[in-house]
Amino acid sequence: MHTPIKRMLIVLMLSSIMLASLSSASRAPWTGGYRLRFEGFSDKASLSDAEYIHLGLFTTPFHWKMFNPTLSAGFSSALSATQRSNIFEGALEFRLSSVHKHILSNVFRRNSTLTPAIGASYMIELEKKGRQSLHIYAKPFSFSFGEKTISVLGIRILFDIEDKRIGWGIQVLEISQFLF
């Protein structure tokens, strides 16, 4: 990973740790934390067709049962040694519902809630002269475990603003951990 991106990721992590330490441990409900995601994009996408790791911060200022908004921002970096790609992303996401008695509730060790979500994001690739794209995405397999949400097999549709191309991507795994 390149030095400027390492610095940005370190600042992002230290900021989240600092915010967590300033907040009261007994205060409920949780309002924000960090997000770690592994994803990939097709060769038709405006972004480099590579696997990416994403690290960011998120906040969920409200605690509604349906259409609960989440704001997030973070950086993604290509995992390939041959692909040089770093991306900034800002997103708005809505949790569609909270289903406590779901089909996999007996599989998990802890109490879980199925929390499918949809969202939209704006991405700017830092290496390719600021190449920009808009994304809409769905996370149908998202499970909340109280202070943590885990999503698998999310789907992204990408729209390249400059070339007017449409591509797709897969969010393989996303872990959102509340800290404050």
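Arg37 and Glu39 form a salt bridge, with the closest N and O atoms 3.2 Å apart. A salt bridge here is a side-chain nitrogen of Lys or Arg within 4 Å of a carboxyl oxygen of Asp or Glu. Both Arg37 and Glu39 are buried. Buried means under 20% relative accessible area, exposed means over 50%, and partly exposed lies in between (1.4 Å probe, protein chains only).

The model is predicted: local features need pLDDT of at least 70, side-chain atom pairs count only at pLDDT 80 or more, and totals for chains, interfaces and linings use all residues. Residues are numbered from 1 along each chain as its sequence is written, and side-chain values use heavy atoms, with hydrogens and water left out.

**Salt bridges**

Arg37 also meets Glu174 in a salt bridge, at 3.1 Å from N to O. This pair links distant parts of the chain: Arg37 sits in strand 1 (residues 32-41), Glu174 in strand 10, and 137 residues separate them. Strands are DSSP runs of E with at least two residues; helices are runs of H or I with at least four; both are numbered from the N terminus. Arg37 and Glu174 are both buried.

Asp160 is buried, at a relative accessible area of 1%. Arg165 counts as partly exposed, at 33% relative accessibility.

| Salt bridge | Closest N to O distance |
|---|---|
| Arg37 and Glu39 | 3.2 Å |

The structure holds 15 salt bridges. A network of salt bridges links Arg35, Arg37, Glu39, Glu89, Glu93, Lys139, Arg156 and Glu174. Side chains of opposite charge can pair when their charged atoms come close.

**Ser142 and its surroundings**

Ser142 is found in strand 8, which covers residues 141-144. The residue is buried, with a relative accessible area of 3%. Its side chain joins that of Ser151 in a polar contact of 2.8 Å. A polar contact is a pair of N or O atoms within 3.5 Å; within protein, one must be able to donate a hydrogen and the other to accept it, and residues adjacent in sequence count only if both atoms are side-chain atoms.

Leaving out residues up to four places away in sequence, Ser142 touches Thr113, Leu114, Thr115, Pro116, Thr149, Ile150 and Ser151. Contact means heavy atoms within 4.5 Å.

**Positive phi angles**

Leu153 is not a glycine, yet its phi is positive, at about 55°. Leu153 has its place in strand 9 (residues 148-160). Lys164 has a positive phi of about 55° and is not a glycine either. Lys164 lies in the loop between strand 9 and strand 10 (166-178). With 58% relative accessibility, Lys164 counts as exposed.

**The chain as a whole**

The protein chain comes to 1 helix and 10 strands. From the N terminus on, its elements run α-β-β-β-β-β-β-β-β-β-β. Of the 180 residues, 41% are buried. Among contacts with a separation of 6 or more, 58% come from residues 24 or more positions apart.

The accessible surface of the protein chain is about 10,000 Å², and 67% of that surface belongs to carbon and sulfur atoms. Accessible areas come from the Shrake-Rupley method with a 1.4 Å probe; for residues, only the protein chains shown count as cover.
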